Amino acid sequence: MNRFKMLLHLYWSFLKIGGLTFGGGLTMLPMLEHELVHKNKWVTEEELLDCYAIGQCTPGIIAINTATFVGYKKEKVLGGIFSTLGMVTPSLVIITVAAMFLQLIMGNEIFQHAMMGIRSVVCALMVNTVLNLLKKSIVSYLSCAIFALVLAGGLFFKIPTILLVLAATVVGIIIELINNPPQKKNKEDKNV
């Protein structure tokens, strides 16, 4: 019964996140951080950023990928399923209802003004999230240099995102291997 309560808790937490945020993955990060790191203490900030980064690199929607990773970390396969279902339930309900009334509300002036306000808030939330990610991710001169090169590669040279991610991954691995080379086992370890 205790596991079932945890699965329902995962579902409910991600249902709140999925239902109360607008604008997609980047705008969800502050709410994910509040709910998963500070309130429930299911993951650390670093683990959440890692899940989020992996969610961006894998196919699919970032928020759903992140929910699946965190749910799996907590309660394995069932945790991943319940977390994912919690994240998608609000979208399915809202999209279904909106599709039924879309023609009626698209021409409505109040709806148009509301959408303009929502777009403005989403932009502000995205800028806030990017600035928070910068503070937490750019921790050395080296990470600053990698950030600048990837930004320049994406903005000015139109290098595909996947190549930038792969290149940064390879550079990170090489730097880690240089800074912390694998320890050679001495002869005593081999004889044991």
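Biologist: In which helix does leucine 151 lie?

Modeller: A word on the source: this is a predicted model, where local features need pLDDT of at least 70, side-chain atom pairs count only at pLDDT 80 or more, and totals for chains, interfaces and linings use all residues. Residues are numbered from 1 along each chain as its sequence is written, and side-chain values use heavy atoms, without hydrogens and water. Helices are DSSP runs of H or I with at least four residues, and strands are E runs of at least two, numbered from the N terminus. Leucine 151 lies in helix α6.

Biologist: Thanks! How many helices and strands does the chain have?

Modeller: Read along the sequence, the pattern is α-α-α-α-α-α-α-α. The chain therefore has zero strands, by the DSSP runs used here, and its helices number eight.

Biologist: Is leucine 151 buried, partly exposed or exposed?

Modeller: Buried means under 20% relative accessible area and exposed over 50%, with partly exposed in between (1.4 Å probe, protein chains only). Leucine 151 has a relative accessible area of 41%. Because this value falls in between, leucine 151 is partly exposed.

Biologist: And what share of the residues counts as buried?

Modeller: The same cut-off, under 20% relative accessible area, applies here. Of the 192 residues of the chain, the buried share is 25%.

Biologist: What radius of gyration does the chain have?

Modeller: The radius is taken over C-alpha atoms, and the globule rule is 2.2 Å times the number of residues to the power 0.38. A compact globule of 192 residues would be near 16 Å, but the chain has 21 Å.
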